[in-house]
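Please read the numbered points below with the sequence and the 3D view side by side.

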Amino acid sequence: MKKFLSEIFVWWQGQTWGTRLYLARYFDHVGTDQFGNRYWKSRKGDRRWVTYNGYAEASTIPPGWHGWMHHRTNVLPTEDNYKAHDWEKPHVQNLTGTSLAYRPEGSMLASGQRPRVTGDYDAWSPE
């Protein structure tokens, strides 16, 4: 019952009923990735759509599907003739805003202390 109600009212957790009906009427399902995200293509062929498995987080789209979504290729990653490029890396979750986020040396949120100023900086002063 909770999933049913959230699908009616909560747009950030996947799709709503309005989205489901719109996709059923105007789009064809073309594939699903390893994270459970579902990909759609309009019957006219000009629009592409994704429904996320869980929260709507664009960083969960793998590289192959990302290229297809942005019309960089027409080859679906699920087709036999799809070949990933050497430079495509496996998906890594976006950790921004979490305790595991990257914090460079000198960041106020990083552990430890900031490095001392080296003296190679001259402050601007109006003349």
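This is a predicted model: local features need pLDDT of at least 70, side-chain atom pairs count only at pLDDT 80 or more; totals for chains, interfaces and linings use all residues.

**Notes on the structure**

1. Arginine 72 is placed in the segment after H3, where helices (H or I, at least four residues) and strands (E, at least two) are DSSP runs numbered from the N terminus. Arginine 72 is exposed, with a relative accessible area of 66%. Here buried means under 20% relative accessible area, exposed means over 50%, and partly exposed lies in between, with a 1.4 Å probe and protein chains only. Leaving aside residues up to four places away in sequence, arginine 72 touches His66 and Gly67, a contact being heavy atoms within 4.5 Å.

2. Residues are numbered from 1 along each chain as its sequence is written, and side-chain values use heavy atoms, with hydrogens and water left out.

3. The protein chain has three helices and three strands. Along the sequence they follow the pattern α-α-β-β-β-α. Of the 127 residues of the chain, 21% count as buried. Among contacts with a separation of 6 or more, residues 24 or more positions apart account for 33%.

4. Histidine 66 belongs to helix H3. Is histidine 66 buried, exposed or partly exposed? Histidine 66 counts as partly exposed because its relative accessibility is 31%. Apart from residues up to four places away in sequence, histidine 66 touches Ile61 and Arg72. Histidine 66 and proline 77 are 11 residues apart in sequence, and their C-alpha atoms are 9.8 Å apart in space.

5. Histidine 71, like arginine 72, lies in the segment after H3. Histidine 71 has a positive phi of about 60°, although it is not a glycine. With a relative accessible area of 44%, histidine 71 is partly exposed.

6. The second largest pocket has a volume of about 230 Å³. On a 1 Å grid over the protein atoms alone, a cavity is a set of points where a 1.4 Å probe fits but cannot get out, whereas a pocket is an open set with protein on both sides within 12 Å along at least five of seven lines. Lining residues have an atom within 4 Å of a point. Grid points are joined across faces, edges and corners, and a volume is the space filled by probe spheres set on the points. Among the residues that line this pocket are His66, Arg72, Tyr82, Trp87 and Glu88. The lining divides into four nonpolar, five polar and three charged residues. In this count, Ala, Val, Leu, Ile, Met, Phe, Trp, Tyr, Cys and Pro are nonpolar, Asp, Glu, Lys and Arg are charged, and the others, Gly among them, are polar.

7. Where is asparagine 37 placed? Asparagine 37 is in the loop between strand S1 (27–32) and strand S2 (38–42). Asparagine 37 counts as buried because its relative accessible area is 1%. A polar atom of its side chain lies 2.9 Å from the backbone nitrogen of asparagine 53. Not counting residues up to four places away in sequence, asparagine 37 touches Gly31, Thr32, Val50, Thr51, Tyr52, Asn53, Thr60 and Ile61.

8. Helix H2 (residues 17–26) holds threonine 19, and arginine 25 is also found in helix H2. Threonine 19 is partly exposed, at 21% relative accessible area, whereas arginine 25 is exposed, at 60%. The side chains of arginine 25 and tyrosine 26 are joined by a polar contact of 3.5 Å. A polar contact is a pair of N or O atoms within 3.5 Å; within protein, one must be able to donate a hydrogen and the other to accept it, and residues adjacent in sequence count only if both atoms are side-chain atoms.

9. The largest nonpolar core has eight residues: Tyr39, Val50, Tyr52, Ile61, Trp65, Trp68, Met69 and Leu76. Helix H3 (residues 63–69) gives the largest share of this core, three residues. Such a core is a set of buried Ala, Val, Leu, Ile, Met, Phe, Trp, Tyr and Cys residues joined through side-chain atoms within 4.5 Å.
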